[in-house]
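Take a look at the fold below. This report walks through a sheet, its helices and a few single residues.

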Amino acid sequence: MIAEAVRRCDGVMLTGGDDLQPELYAGRLMSRLRRTISPPDPGRDLSELLLIREVFRQGKPLFAICRGQQILNVALGGTLIVDIASQVPGALNHRRRDGKDKIVHKATLTPDSLLNKIAGARMLGVNSSHHQAVGRLAGALCATAVSRDGIVEGMELAGPAARWLPWLLAVQFHPERLFEKHGVFLELFRSFNRACKPKRKRAV
């Protein structure tokens, strides 16, 4: 079913949501860390892992947002920071529920990355409403946006892996909450839409 759904799509977007099962990316956790994790949804985790595999098998554009970035990293062999506040000394407050649709901190963009080209700048102000983040990067990925405390805010395919998909961008922030006030975030969606167009064979 998932393979057929991907076949019918011009591109796939992975959205935000609750935490992944820690068994997918970590060994035994201390109880204080386990208590920070939201109730798991194994069905969604499995479905999205299968979805990612199909996206790569069929070579479709992929846009991953927040949880989407995290599960993409796990799917390709990376790990997650279970709880930023507990595990990253001096970290910014990334769980800014009071500012979901506001710029709350900045991220430095890698020169010549897709995100840098879309934004047209080396710095990008972002929102932030998460407590987990990418830990060890999967080998096929590279960080292309990083906050000043070292948290990965954006990822793309690295080196030879860039040939695996026609377009891939993963972001930890939520552009869908910012595009009405900040045009740069609308450009992320426009870039994704353009990447999907060559695959389009019929009106949907």
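## Strands side by side

Strand E8 (residues 152-157) and strand E9 (residues 168-171) run antiparallel and are joined by two bridges. Gly154 has Val171 in E9 as its bridge partner. Keep in mind that this is a predicted model.

Now widen the view. E8 and E9 belong to an open sheet of seven strands. The order is E1-E2-E9-E8-E7-E4-E5, and the pairing is mixed. Which strands stand at the edges? They are strand E1 (12-14) and strand E5 (123-126). Each has a single partner strand, so one side of each is left without a neighbour in the sheet. On average, neighbouring strands of this sheet are turned by 20 degrees against each other, direction ignored.

## Helices on the sheet

| Helix | Strands touched | Angle |
|---|---|---|
| H3 (residues 42-58) | E1, E2 (62-65), E8, E9 | about 145 degrees with E1 |

Next comes helix H7 (residues 183-196), with 14 residues. From its first C-alpha to its last, H7 reaches 20 Å, close to the 20 Å expected at 1.5 Å a residue. Which residues of H7 are buried? They are Phe185, Leu188, Phe189, Ser191, Phe192, Ala195 and Cys196. These residues cover an arc of only 155 degrees around the axis, which puts them on the same side of H7. The buried residues of H7 pack against E1, E2, helix H6 (114-119), E5 and E9.

## Two residues compared

Ser147 lies in strand E7. Is Ser147 buried or exposed? Its relative accessibility is 3%, and buried means under 20%, so Ser147 counts as buried. What does Ser147 touch, not counting residues up to four places away in sequence? The list is Leu92, His94, His105, Lys106, Ala107 and Glu153.

Gly90 sits in the loop between helix H5 (84-87) and strand E4 (105-109). Its relative accessibility is 70%, and exposed means over 50%, so Gly90 counts as exposed. Gly90 and Ile65 are 25 residues apart in sequence. In space, Gly90 and Ile65 are 25 Å apart, C-alpha to C-alpha.

Definitions and conventions
Residues are numbered from 1 along each chain as its sequence is written. This is a predicted model: local features need pLDDT of at least 70, side-chain atom pairs count only at pLDDT 80 or more; totals for chains, interfaces and linings use all residues. Side-chain values use heavy atoms; hydrogens and water are left out. Two strands pair if DSSP finds at least two bridges between them. Helices (H or I, at least four residues) and strands (E, at least two) are DSSP runs, numbered from the N terminus. Axes are lines fitted to C-alpha atoms, for helices over the stretch in contact, and angles run from 0 to 180 degrees between N-to-C directions. Contact means heavy atoms within 4.5 Å. Buried means under 20% relative accessible area, exposed over 50%, partly exposed in between (1.4 Å probe, protein chains only). The expected span of a helix is 1.5 Å times one less than its number of residues. The arc is that of the directions from the helix axis to the C-beta atoms.
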